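Please open the structure in your viewer and keep the selection tool at hand.

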Amino acid sequence: MKLKGIFPAVATPFNHEGDIWKAKVEHNISKWNAMNLAGYVITGSTGESVLLSAAERVQLWEWAAQYAAPEKILIAGTASESARETVQLANQAASLGYKAALVLTPHYYKASFNNAAAQRLFYGAVADQSKIPILLYNLPQCTGLDLAADAVAELSYHPNIAGTKDSSGDIGNMVRMVREVKPGFAVLTGNSATLAPALAVGATGAILAIANAVPYACISIWEAHRTREPEAALDWQGRIEKPSRIAGGKYGIPGIKHAMDLMGYYGGPPRLPFIPPSPQAKKEIEEAFTDLRG
């Protein structure tokens, strides 16, 4: 399994009663299937995973697997605070045909987990028991913890750890990881604001929230990098800079969902405690995406 290219961090579609909307799962994935996306990450942080029950996660995995094109790599977000539940979720995803599990750093007990030794122990235990390869997931903006580069480098030699998603946006940390991990280990960025620079320093691809709304723009950066056209990559990077900053950075998941609605996908309402964007926020998002629409 080669984890290269662009993966949308798929947003979960809810109807206005707050239930997962199967028809909209099909709608979005069917449209994405026609694009040169590497695959889909289902129930990651952009999918509001912490607001879903375990049963809802499994239901989403089933539907996504049903509608995804055969060549798309399916990755399941299996974040849980305990190693035991993380493994159980990963193995359920494996039974549905998923190829990898994205495992977020546990963070509720920060004092106990804010060190490389604890991180290595947790991820090693999950990888030992998971039936599919796992991906380390560093999201310090939400967890308050930064997965140490030396821990990633050591864990890269575990036979059942296939890669890492780093959403910190720290290019220096990514350079260290690329240099120190074992050959063939996938280093994916989760930060759209630094997509082109991350690819330039050795990232193998990206898992992006903004790819829900503008997959073509993200793919264009990847293709420009792949064909060694750095100026084109930076041009497209400039085009997604403001949309990424406004929709994702300023307004978060509700902003991404409104952008999806603008671009012909279904975003729909977020789940409480998120609230939909205000009219002013919607106007700001719409202006940010003006040059990318159509």
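Select I134, which belongs to strand β5, residues 134-138. Strands here are DSSP runs of E with at least two residues, numbered from the N terminus. The model is predicted, so local features need pLDDT of at least 70 and side-chain atom pairs count only at pLDDT 80 or more, while totals for chains, interfaces and linings use all residues. Residues are numbered from 1 along each chain as its sequence is written, and side-chain values use heavy atoms, with hydrogens and water left out.

Is I134 buried or exposed? I134 is buried, with a relative accessible area of 0%; buried means under 20% relative accessible area, exposed over 50%, and partly exposed in between (1.4 Å probe, protein chains only).

Next, display the residues in contact with I134, where contact means heavy atoms within 4.5 Å. Beyond the neighbours within four places in sequence, these are A101, V103, Y123, V126, A127, N160, I161, A162 and G163.

Now select the whole of β5. Because 5 of its 5 residues are buried, β5 is largely enclosed by the rest of the structure. I134, L136 and N138 lie on one side and L135 and Y137 on the other, and both faces are covered.

Two strands pair if DSSP finds at least two bridges between them. L102 has L135 of β5 as its bridge partner.

Finally, select strand β6, residues 161-166: 5 bridges join it to β5, again in parallel. Here the bridge partner of L136 is T164.

Conventions:
Helices (H or I, at least four residues) and strands (E, at least two) are DSSP runs, numbered from the N terminus.
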